[in-house]
Amino acid sequence: MPSLDSNIEYLKGVGPQRADALRTELGIFTCRDLLFHFPFRYIDRTQFHRIKEIHEDGAQVQIRGILRRLETLGEGRAKRLTATLRDDTGIMELVWFKGIQWLEKSLTVGKEYVVFGRVSEFNGRFNIAHPEMEPVEAETAKDGPAVRLDPVYPTTDRLTQRGLDARGIRKLVRTLLDTLPASEIQETLPDYMLELYRLAPRAWALHKIHFPEQQKELDTATRRLKFEELFFLQLRLLQIRTRRRETVRGFVFGQIGDFFNQFYQHKLPFELTGAQKRVLKEIRVDLASGRQMNRLVQGDVGSGKTVVALMTMLMALDNGFQACLMAPTEILAQQHFTGISELVGDLGVNVGYLSGSVKGKKREKVLAELASGDMHIVIGTHALIEDWVQFKNLGLCVIDEQHRFGVEQRAKLWAKNPAGAPHVLVMTATPIPRTLAMTLYGDLDVSVIDELPPGRKPITTMHKTEHHRLRVQGFMRSEMDKGRQVYVVYPMIEETETMDLQNLMSGYEALSRDFPPPTFQISIVHGKMKAADKDYEMQRFLKKETQIMVATTVIEVGVNVPNASVMVIENAERFGLSQLHQLRGRVGRGADQSYCILMTSYKLSAEGRERIQTMVQTTDGFVIAEADLRLRGPGNIEGTQQSGMLRFLLADLARDGQILAAARDIAAQILEKDPALAAPEHQRLRQQLTADSREARVWSRIS
Ligand code: ADP
Ligand code: MG
């Protein structure tokens, strides 16, 4: 009898060759892995489209019919396999461009098939390319009693050739579920949780996710398993936070002193917004608590995060500590350095700058002052966390615009002060949907600056195509005549870099012709330039020596030129929503009405059009983030690509917000009452967490 841990090879119907293919193709090593290889869709045996009634290009259809003809056409690259399927109402063309040999052997003319795929219109006729094919009679004859919903499993060409097509895998799962002793599938959630949230028992859910008899059963099973998945992730994240709170001592910034007060009374050039005040209070509570702060401040572009960061750093100084501010790019770091130096003025704060490009004597001086404690605040790039940077007494680190600042980097930071872990404040202008934030930053506390400084006019966003080029130029000219400045941004994607660079350069040349010197001066900044050259160009633009800044997304983050009032984004359809939002945030920072012009080609994909429309309709970063999540899925949201945390078996952060919120709620309640999960009713949770971490260790050894 199989157990969950037994090697998949020994499951009846597998054997060494199939086991090998299952391992390499799908990562299925054990029976447990197979049990958790869930179907990606189900065939509803009662729902078939009639060929005559298929009218829509791009529709997903399931039809049932007899295979009438099978024919290989063309040579070489044009080689394809075509077939005709006939039902009572008409015929449908099927076509394959790959795996032809195998298909020729496995498909039989005259047999009845269930065919699933997406129809496309071609020369006024419909066909289906690369449909899933399943013989009808084999299905009901071999797989036991007929069920209404048949699972369809992910598979690959290589597995298919070993007889493990979707149907072959279905047979294996059936065998597994029929022979697995009932005691193998243990409940992981306490009974009171099952009752409270009306969750199905785990064993039932794991059976029904594979072989549901009706949609309702499938829904119930799916909900239970999603809940479990999200709940244990939240439980682990919150446990990390609880443990850190208990074990990592934080420096106590007990007093508000001269630096802070002097700044607040004499230097702060404006009244803080209500949101800024609230967030500063939240930070202040953290800093005085004796626990190490790990706080994320989310605030839309222009919401005024910098001054919040500065005032937090001043709190550190008032308590005898040093502070650092780390930015992702040299340009941004330098702008912070200039801006903050100006803001503190003659307060007597020694602010320094450090990056990889600060060398020789200059670097030595900064390093010496940091080590002696003479330098209060250092602003810079990633260089700040390198080992050669030593502080006398680092108490706070502010990290600006960094999603990729992971646990590892934070650990490096902690090592910077042997006396304890510095407080960490992470700031981001990329609003992250709540569900994502709860997961990605589940171990952080979150503050939101949800209010813009007064007097800002909402940016007007327009969508234009090549037809409007002349008018767009006229508009740029009229804005520049009023003394304003203009950004023109081009996409630069690594994979298409050479093409993009050409594009950027020819755009620059065209602009130079349309806006010639001496009346107009144009800056250009892109990622291939040396840091010093970039900085020179950026400075010229800042000082208004140039009116147009042609750039790639290197200017995306944080850069502040209040006099710039127009942002033209070329090939806007190639940018993601959050990137577009970030770019748009570069303008609208002054008192003038600002504009964002999205240039695209005339033809757009449906998704591209929706992105552009979203931008035109709203300037609310959170609305945009939600749309981004919906359109592209969580794995593609800016800065989250590498996060293994977002790889779920079933849960979908774009849709399962409610389940996630409930799961996080109960996880927090449980840890509040029973932090060690020592209560008898939490024994299952304890066991599951141990099993999980055991599995995680095995995995890290494998990969
Ligand atoms: P971001 O949150 O994008 O980092 P910044 O901190 O760069 O925003 O602030 C954008 C601009 O708004 C800066 O010029 C800053 O001086 C100004 N600003 C910040 N807070 C206020 C406020 N409360 N009132 C008026 N202007 C403010
Ligand atoms: Mg900023």
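**Reading a predicted model**

Mentor: In this predicted model, Ala59 is buried, with a relative accessible area of 15%.

Trainee: Why is Ala59 called buried?

Mentor: Buried means under 20% relative accessible area, and Ala59 has 15%, so Ala59 counts as buried.

Trainee: Okay, and where is Ala59 found?

Mentor: Look in the loop between strand 1 (41–44) and strand 2 (60–73). Leaving out residues up to four places away in sequence, Ala59 touches Gly117, Arg118 and Val119. Ile128 is 69 residues away from Ala59 in sequence, with 10.0 Å between their C-alpha atoms.

Trainee: Now the cores. Which residues touch the most other members of the largest nonpolar core?

Mentor: That core has 57 residues, and the ones you want are Leu189, Phe227, Leu230, Phe231, Leu235, Val378 and Leu685. Take Phe231: beyond its neighbours within four places in sequence, its contacts include Leu189, Met193 and Leu685. There's also a second, separate core of 39 residues, with Ala323, Leu325, Val349 and Ile377 among them.

Trainee: How do you describe the packing of helix 10 and helix 12?

Mentor: Two packed helices are described by the angle between their axes and the distance between the axes. Here helix 10 (residues 258–267) and helix 12 (residues 305–318) pack at about 145 degrees, with axes 7 Å apart.

Trainee: And what are the residues of that contact like, nonpolar, polar or charged?

Mentor: Ten are nonpolar, none polar and two charged. Helix 10 brings Asp258, Phe259, Phe260, Phe263 and Tyr264, while helix 12's residues there include Leu310, Met311 and Asp318. Asp counts as charged, so Asp258 and Asp318 go in that group.

Notes
Residues numbered from 1 in each chain as written. Chains lettered and ligands numbered in written order. Predicted model: local features only at pLDDT ≥ 70, side-chain atom pairs only at ≥ 80, totals over all residues. Heavy atoms only, no water. Helix = DSSP H or I, 4+ residues; strand = E, 2+ residues; numbered from the N terminus. Buried < 20%, exposed > 50% of the residue type's maximum accessible area, 1.4 Å probe, protein only. Contact = heavy atoms within 4.5 Å. Core = buried A, V, L, I, M, F, W, Y, C linked by side-chain atoms within 4.5 Å. Axes fitted to C-alpha atoms, helices over the stretch in contact; angles between N-to-C directions.
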